[in-house]
There are 2 protein chains.
Amino acid sequence: MWPAEGRQRAIIESVTPEIDGGRYAIKRTVGEYVVVEADIFGDGHDQLSAVLCFREAGTERWQEVFMEPIGNDRWRGQFQLSRMGQAHYTIQAWVDHFKTWQQDLHKRVEAGQDVSVELLIGAELIERAAQLQRGDIHDKLRSYAHRLREAQDAAIETALSPNLGELMRVYGERPFVSTYPERRVWVDPIKARFSAWYELFPRSCGPDEHTHGTFRDVIARLPMIAEMGFDILYLPPIHPIGRAFRKGKNNSMTPEPGDPGSPWAIGGPEGGHKAIHPQLGSLADFHELVAEAKKLNIDIALDIAFQCSPDHPYVKEHPEWFKKRPDGSIQYAENPPKKYQDIYPINFETEDWQALWEELKSVIQYWIDQGVSIFRVDNPHTKAFGFWEWCIAEIKAQHPETIFLAEAFTRPKLMKSLAKLGFTQSYTYFTWRNDKWGLTEYFTELTQTPMREYYRPNPWPNTPDILHEFLQTGGRPAFMVRFILATTLGASYGIYGPAFELCEGRPVRKGSEEYLDSEKYQIRHWDLDTPDNLRPLIATVNHIRRQNPALQSDWSLVFHPTDNDALICYSKRTFEGSNRILIAVNLDPFHIQSGWVNLNLAALDLEHWQTFKLTDLLDGRHYSWQGSSNYIKLDPWTMPAHIFRLES
Amino acid sequence: MWPAEGRQRAIIESVTPEIDGGRYAIKRTVGEYVVVEADIFGDGHDQLSAVLCFREAGTERWQEVFMEPIGNDRWRGQFQLSRMGQAHYTIQAWVDHFKTWQQDLHKRVEAGQDVSVELLIGAELIERAAQLQRGDIHDKLRSYAHRLREAQDAAIETALSPNLGELMRVYGERPFVSTYPERRVWVDPIKARFSAWYELFPRSCGPDEHTHGTFRDVIARLPMIAEMGFDILYLPPIHPIGRAFRKGKNNSMTPEPGDPGSPWAIGGPEGGHKAIHPQLGSLADFHELVAEAKKLNIDIALDIAFQCSPDHPYVKEHPEWFKKRPDGSIQYAENPPKKYQDIYPINFETEDWQALWEELKSVIQYWIDQGVSIFRVDNPHTKAFGFWEWCIAEIKAQHPETIFLAEAFTRPKLMKSLAKLGFTQSYTYFTWRNDKWGLTEYFTELTQTPMREYYRPNPWPNTPDILHEFLQTGGRPAFMVRFILATTLGASYGIYGPAFELCEGRPVRKGSEEYLDSEKYQIRHWDLDTPDNLRPLIATVNHIRRQNPALQSDWSLVFHPTDNDALICYSKRTFEGSNRILIAVNLDPFHIQSGWVNLNLAALDLEHWQTFKLTDLLDGRHYSWQGSSNYIKLDPWTMPAHIFRLES
């Protein structure tokens with residue numbers, strides 16, 4: 001089969017970044033760069049040129065930057081992204097006859113060869129380039145060609161001049177350009193990369209545990225949340241809650257009258273996913289919450305849990321969206337032998353799948369219309385992946401500012417796939433990585449492998465579903481340890497409060513990761529002002545994160561060896577090195593631990609002989625260190641970590 | 001954008017083997033397997049099934065084998081190839097409702113739940129499958145469904161039976177199948193994988209150095225070549241040689257009258273690439289050579305060197321295929337400041353590129369029509385890569401038995417690219433890998449990385465262009481070392497003889513890799529019967545290679561550490577272990593070397609306590625070893641290597 005153009009002699013291969021051969025888009029936030037590399041070569045000895053081409057969202061205009069060879073036929077270029085939405089990039093390469101000619105001429109001249117014919121060849125190349133140009137450039141090129149044709153003494157010098165080379169690099173002919181297939185970048189808002197999430201149950205924000213909290217109660221709580229330094233406030237589902245098979249306190253199958261039920265059992269006579277649970281307030285109240293939060297730079301994030309209580313309007317209006325059993329009943333959720341009769345899963349194999357997809361998308365669109373742009377998606381891995389890919393692309397095409405956090409705690413391949421197909425951020429296994437080896441291995445994978453092109457980790461020390469044994473047994477120091485790890489390992493992170501800052505560590509029973517008296521099933525009243533609460537630490541660390549750009553991105557993470565497995569040490573930095581943060585954490589919440597850290601000095605731009613100053617941003621103390629080997633001692637009961645800033 | 005079918009819930013990713021996202025075909029030979037792996041998963045808790053589908057050349061019929069999960073959502077399947085030509089493979093996966101149902105039923109029954117409705121669901125699934133079938137299968141399925149509907153005591157046992165599971169696995173519905181894009185395999189003849197090449201200059205086969213050898217002289221040499229065990233005889237270009245700027249002895253610019261010129265300066269008044277140099281004989285003689293060789297299982301391989309002497313007919317007939325200089329002359333080959341005025345390179349940027357490609361392809365087709373199916377391609381990296389991809393695909397579509405060996409000694413990315421785009425075998429850097437580290441690192445890359453899917457190495461200890469210093473200085477032992485390395489590291493290999501077996505090691509000058517009195521520029525007369533010649537060793541090793549399938553493929557190569565850098569040790573084996581070969585070589589041609597080899601016992605199917613017997617196939621001696629640590633001592637002047645067969 002004939003190629004369209006057989007004279008394309010440049011080969012472009014092994015392009016990075018690229019996910020699954022271009023099947024999925026890479027991710028960036030506004031202001032970030034894409035560094036693109038490729039193997040680029042051609043046949044024979046001719047020189048090549050290559051440009052990296054990119055087109056930002058909302059424009060048809062392609063821009064280009066020249067790529068440079070970095071050895072072994074590898075080339076590199078980069079571009080910066082300024083607009084949210086989907087950008088595109090590709091590479092073009094071609095045999096550069098003028099560059100080849102100029103290099104060869106240099107060798108011929110050095111060897112003392114007669115180059116009179118060569119000068120004519122060069123003049124022809126320049127004249128052909130001139131024909132493509134007008135005005136000044138045309139004239140300049142014509143003048144160069146003329147000088148070469150005159151073959152005066154200066155002709156060789158003119159021919160070899162870098163100025164001419166640069167002019168021809170930009171304006172020379174590009175014959176038979178090879179073009180790589182276009183690749184995509186999702187350009188997200190800054191909060192996709194750098195965000196601090198706070199989760200709370202609005203119904204627990206009332207004056208006592210007998211009074212259902214409201215959006216107005218949440219509004220009253222906003223200043224405290226802002227003071228702690230959070231910029232996303234995530235609310236569990238705010239929709240009407242089903243009655244049938246309602247769960248009681250501590251997940252009981254036999255609820256007491258008045259038990260409020262689980263917010264994830266969505267849908268009642270008052271409505272479904274587009275309705276508000278009446279006890280929380282009105283739509284106007286919700287609008288006010290969104291507006292008041294925005295004043296404090298807090299975005300309200302909602303929970304997207306595409307499942308229905310038996311009382312959800314969909315069950316009557318769209319019975320075809322659910323699985324029917326031979327006895328005529330609707331199939332409730334199961335993970336045999338466990339049964340979840342308060343939940344009807346949606347059947348994504350319904351014949352009516354297109355209408356279903358449209359309706360689900362309209363739920364997200366509805367809340368966007370109410371001012372919400374951030375969504376935490378509940379168990380996305382139990383819904384058809386094809387649906388998410390379609391839905392997120394459709395939404396983001398209109399609303400590139402939206403953020404979707406995938407709450408999938410499942411097998412690695414599924415979590416990665418959800419991130420690839422479009423989720424902006426992803427929950428992680430952080431909660432179960434509590435030792436040095438596990439943290440090092442996991443965060444190295446997250447931040448130093450191609451996975452980082454699509455997977456933005458959002459580590460949480462706790463969630464309403466996960467109270468890890470470490471927090472159950474480690475007391476306040478354990479909460480401090482996990483908080484500092486999450487906030488410094490993750491540019492984005494979240495906590496479920498006030499359980500977290502109040503160091504709530506009581507499980508429903510030994511061996512369980514469920515909370516005792518979980519807010520999932522009952523209203524809790526929290527005493528926010530216990531003397532030991534972690535609000536001051538949280539505020540300090542969030543302040544440190546905002547002041548230090550090194551902590552606002554994940555990619556610069558480097559681990560530094562220590563001689564004590566209870567001590568973990570790592571650093572982050574800005575690319576140019578103007579901000580360098582070194583973190584050391586005592587992973588043992590029970591004992592003072594000390595040991596030597598063996599700094600990777602190159603990663604910190606330090607020389608082995610150099611004395612350098614560090615400021616611990618947690619307590620303001622100053623340190624002076626030298627070389628790679630330095631001593632650390634951390635008492636979990638005072639402060640289990642250092643967050644050092646390296647002073648330049 | 002809507003997907004065509006939104007209910008495809010299975011995801012298929014990270015398929016191996018796959019080259020550049022399917023851009024290029026993988027390679028196999030007839031009889032070999034393709035082991036395919038993929039990440040396959042779906043949403044939720046449902047079970048999946050997956051099949052590996054393949055279609056051999058020359059048929060529209062797809063065959064399938066079930067894939068099996070091997071952990072972490074990775075699946076594996078394999079198929080064997082029986083026909084030369086292009087085969088295709090892909091993967092299909094789907095949510096398997098019956099498998100899910102059967103597994104869930106098992107858990108429900110174990111938990112003592114009422115499963116009467118479940119049995120009806122199962123019966124429905126079986127009935128739906130029955131509707132797709134006829135005859136016995138239909139009846140069998142109906143009968144199973146019936147037994148489930150009756151809900152007798154035995155119904156549960158029936159429902160859980162593996163027989164039913166297997167029946168439904170094969171005949172059950174496959175709803176909303178996900179299909180991976182098709183991938184290609186080039187299925188080549190056996191010699192593409194396992195071959196022994198012998199190169200000689202026919203013109204040096206005459207009775208003395210003053211008489212131009214002929215094809216008839218080569219025919220007389222065939223029995224000796226066959227006795228040595230070679231199965232491919234490769235001839236440098238056999239075409240008329242140009243007069244203009246003809247090179248003299250030792251690449252002299254001032255030839256003597258009667259100097260025969262370089263066979264690579266192709267084309268004279270007698271014709272070009274489809275003609276035969278008159279002094280070699282007639283086309284009929286060539287036919288006889290091909291036929292006589294075939295009787296000895298030797299294929300004649302020709303040299304494809306797409307370049308022209310100034311006297312080539314193309315220069316007059318197709319001046320548009322060459323670059324014209326401003327002074328009206330044709331551009332000769334150059335690598336500035338070096339000039340090769342006896343060679344005109346073809347200009348692949350000619351406007352007439354389609355006619356050029358057709359003509360060049362017709363050259364190969366012409367020699368195929370004369371009975372040749374193996375081609376050694378001279379410097380393919382100096383011709384447009386797009387041309388080769390097109391040309392090889394066109395030729396192989398009609399002649400899948402053809403083999404193209406890429407003679408590209410250039411940068412790694414180019415050599416790999418030529419292999420990807422279609423060359424059957426490739427020359428290697430073997431010639432310059434003379435120490436343990438270099439050999440280990442290089443052959444590990446060649447045989448244990450994804451590169452092996454497309455790159456078939458063909459190591460040569462020498463070529464007419466490359467006489468490595470190791471051979472210049474190491475004497476006969478050096479030739480033995482390099483021969484045994486090439487023949488046991490490479491399932492395919494080649495030598496340039498008789499220079500090789502006669503241990504010709506004289507360079508044209510110190511520091512050069514060119515031969516003194518190179519056959520490229522003059523006729524040589526070789527005394528084939530020197531007492532020290534290596535023919536007996538060559539015959540022995542080629543015999544060993546034919547007797548031991550372990551040596552007929554590259555992929556099983558494992559290196560075993562030794563405590564002496566002059567000793568290299570490695571093994572090859574057949575997949576099932578019936579043939580295991582262990583090779584140890586003394587890389588020092590000057591001294592006896594001894595040391596301990598630390599065997600990787602697992603790679604040899606051995607236990608650490610096990611005593612095992614080895615036979616050195618080079619001298620027939622028997623050894624008894626135990627465990628991993630064993631002693632070796634090799635004298636380069638008697639035999640610098642062991643080729644052990646492990647006795648079972």
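Which residue stands opposite B:E199 in strand 12 of chain B? Let's explore this predicted model and find out.

## Strand 11 of chain B and its neighbours

The answer to the opening question is B:Y234. Strand 11 and strand 12 (residues 232-235) of chain B run parallel, and three bridges join them.

Look for B:W197 here: its opposite number in strand 21 of chain B is B:G494.

## Buried or exposed?

Now turn to the side chains of strand 11 (residues 195-199) of chain B, which is mostly covered: five of its five residues are buried. B:S195, B:W197 and B:E199 point one way, while B:A196 and B:Y198 point the other way.

## An open sheet in chain A

Strands of a sheet pair through backbone hydrogen bonds, in either a parallel or an antiparallel way. In chain A, four strands in the order 1-3-7-6 form an open sheet with antiparallel pairing. Strand 1 (10-16) and strand 6 (68-71) of chain A are the edge strands, each pairing on one side only. From one strand to the next, the twist averages 35°.

Inside this order, strand 3 (residues 33-42) and strand 7 (residues 74-80) of chain A run antiparallel and are joined by seven bridges. To see one pair for yourself, find A:A38: its bridge partner in strand 7 of chain A is A:W75.

How values were computed:
Residues numbered from 1 in each chain as written. Chains lettered and ligands numbered in written order. Predicted model: local features only at pLDDT ≥ 70, side-chain atom pairs only at ≥ 80, totals over all residues. Heavy atoms only, no water. Pairing = 2+ DSSP bridges. Helix = DSSP H or I, 4+ residues; strand = E, 2+ residues; numbered from the N terminus. Axes fitted to C-alpha atoms, helices over the stretch in contact; angles between N-to-C directions. Buried < 20%, exposed > 50% of the residue type's maximum accessible area, 1.4 Å probe, protein only.
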